[in-house]
Amino acid sequence: MSRIAYVNGQYQPHSHANVHIEDRGYQFADGVYEVVTIVNSKMIDEEGHLQRLWRSLAELRIDAPMKAEPLKMVMREVVRRNGIVNGIIYLQVTRGVAPRDHPFPKNTPPALVMTAKRLSMDKAEKTAEKGVSVVTVPDIRWARCDIKSVSLLPNVLAKQAAKDNGAYEAFQIDADGMVTEGSSTNAWIVDQNGKVITRPTSNEILAGITRASLIRELEKKGVEFELRSFTVEELHNAREVFLTSSTSYVLPVVKVDEHVIGNGNPGSISMTLREIYREFMNAAS
Ligand code: PMP
């Protein structure tokens with residue numbers, strides 16, 4: 001089945017889908033995005049992702065490209081046309097196409113693009129069973145990391161630093177030596193007392209939807225956790241480390257920089273939380 005993209009009202013072959021050279025997303029990174037995971041043909045946390053999309057748009061004063069119901073219909077149609085059972089749908093909204101000039105253009109409708117891609121569940125499971133390694137890099141991003149902007153250059157550089165070092169992800173460290181988050185994931189530790197810890201939401205990190213859902217599941221199950229910032233030393237000396245994101249779910253980390261975490265295998269608490277998150281996804285309607 002060939003891939004189909006949605007571009008400003010049209011379904012186009014993915015290989016030929018394109019936007020105008022004066023799309024403000026292309027010229028100014030003046031846009032936002034979301035990635036929704038599809039597991040067994042079900043969208044995971046669709047509402048949470050759409051809420052975050054509306055929030056990102058409002059913070060940047062970009063008009064919504066359409067109302068929630070038609071947007072959901074287009075999302076379903078993109079999933080259907082691409083025959084996605086397990087994979088992701090990517091949505092991007094920019095401030096539209098206008099002659100290049102920094103201020104907001106007048107009377108310019110926002111531009112909406114969606115693509116979809118299949119992902120292998122087996123591969124994700126194998127990765128989780130082994131655990132992944134992480135490197136740390138300075139956080140060089142702007143002061144509004146809560147907005148899911150397509151302006152991702154620091155994140156791109158961080159992920160490349162991870163790749164250059166044979167790692168899966170880079171955790172970013174702020175000027176005070178505290179861990180903010182991964183380049184495309186939220187960071188968690190389990191301390192030596194078995195306490196699960198992740199940074200509270202603020203302008204300094206993206207409020208991950210997976211993070212929020214895992215927190216909700218932990219609350220339901222009465223699993224203790226703490227919302228606080230932690231240092232890079234705490235990260236290096238943690239009993240367990242894991243990360244969360246829509247495409248990684250709950251993923252154990254077994255090495256951070258030169259520090260082997262635990263015995264170098266995924267920790268039991270991380271694997272239990274992965275299982276809790278998997279049950280949550282299976283229960284999604
Ligand atoms: N932080 C950043 C910077 C991200 O790009 C992502 C991925 N969207 C996340 C955290 C994880 O968020 P989510 O669980 O919503 O995928």
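The largest pocket has a volume of about 1,400 Å³. Of the 49 residues that line this pocket, Lys159, Ser184, Thr185, Ser245 and Thr247 are the closest to its centre. The lining divides into 20 nonpolar, 19 polar and 10 charged residues. This is a predicted model, so every value here is computed from predicted atoms.

Rolling a probe the size of a water molecule over the atoms shows where empty space is left. How many cavities of 30 Å³ or more does a search of the whole structure find? The search finds one. The largest cavity has a volume of about 40 Å³. Its lining is made up of Thr37, Ile44, Asp45, His49, Ile209, Thr210, Ser246 and Tyr277. By class, three of the lining residues are nonpolar, four are polar and one is charged.

Several of these lining residues lead to other parts of the fold. Take Asp45, which lines the largest cavity. Asp45 sits in the loop between β4 (42–43) and α2 (46–60). Its phi is positive, near 60°, and it is a residue other than glycine. Is Asp45 buried or exposed? Its relative accessible area is 16%. Buried means under 20%, so Asp45 counts as buried.

Ile209 and Thr210 also line the cavity. Both belong to helix α6, where they are buried. Also buried in α6 are Arg211, Ser213, Leu214, Ile215, Glu217 and Leu218. Helix α6 covers residues 209–221, which is 13 residues. At 1.5 Å a residue it should span 18 Å. Its end C-alpha atoms are 18 Å apart, so the two values agree. Just after α6 comes Gly222, with a positive phi of about 70°.

Tyr277 is another residue of the cavity lining. Tyr277 is one of the buried residues of helix α8. Helix α8 runs through residues 268–283 and has 16 residues. From first C-alpha to last it reaches 23 Å, close to the expected 22 Å.

What is the relative accessibility of Arg24? It is 2%, so Arg24 counts as buried. Its side chain makes a polar contact of 2.8 Å with the side chain of Asp30. A polar atom of the Arg24 side chain also lies 2.7 Å from the backbone oxygen of Asp101. Beyond residues up to four places away in sequence, Arg24 touches Ala29, Asp30, Arg95, Gly96, Asp101, His102, Pro103, Phe104 and Pro105.

Asp30 also brings in Thr94, which touches it. Thr94 is part of strand β5 (residues 87–94). With 2% relative accessibility, Thr94 counts as buried. The side chains of Thr94 and Asp23 are joined by a polar contact of 2.8 Å. Apart from residues up to four places away in sequence, Thr94 also touches Gly25, Gly31, Ile62, Pro110 and Ala111.

Val256 and Ala111 are 145 residues apart in sequence, and their C-alpha atoms are 40 Å apart in space. Val256 lies in strand β14 (residues 249–256). Its relative accessibility is 0%, so it counts as buried. Leaving out residues up to four places away in sequence, Val256 touches Val134, Thr136, Leu235, His236, Val241 and Ile261.

A further valine to visit is Val190, in strand β10 (residues 186–190). Val190 is buried, with a relative accessible area of 0%. Which residues does Val190 contact, leaving aside its neighbours within four places in sequence? They are Lys195, Val196, Ala238, Arg239, Glu240, Phe242 and Ile269. Between Val190 and Val132 there are 16 Å in space, C-alpha to C-alpha, and the two are 58 residues apart in sequence.

The walk ends at Asn8. Asn8 is in the loop between β1 (4–7) and β2 (10–13). Asn8 has a positive phi of about 45°, although it is not a glycine. Its relative accessibility is 43%, so Asn8 counts as partly exposed.

How values were computed
Residues numbered from 1 in each chain as written. Predicted model: local features only at pLDDT ≥ 70, side-chain atom pairs only at ≥ 80, totals over all residues. Heavy atoms only, no water. Buried < 20%, exposed > 50% of the residue type's maximum accessible area, 1.4 Å probe, protein only. Polar contact = N/O pair within 3.5 Å; in protein donor to acceptor, adjacent residues only side chain to side chain. Contact = heavy atoms within 4.5 Å. Helix = DSSP H or I, 4+ residues; strand = E, 2+ residues; numbered from the N terminus. Expected span 1.5 Å × (residues − 1). 1 Å grid on protein atoms, 1.4 Å probe; cavity = no way out; pocket = protein on both sides within 12 Å on 5 of 7 lines; lining within 4 Å. Points joined across faces, edges and corners; volume = space filled by probe spheres on them. Nonpolar A, V, L, I, M, F, W, Y, C, P; charged D, E, K, R; others polar.
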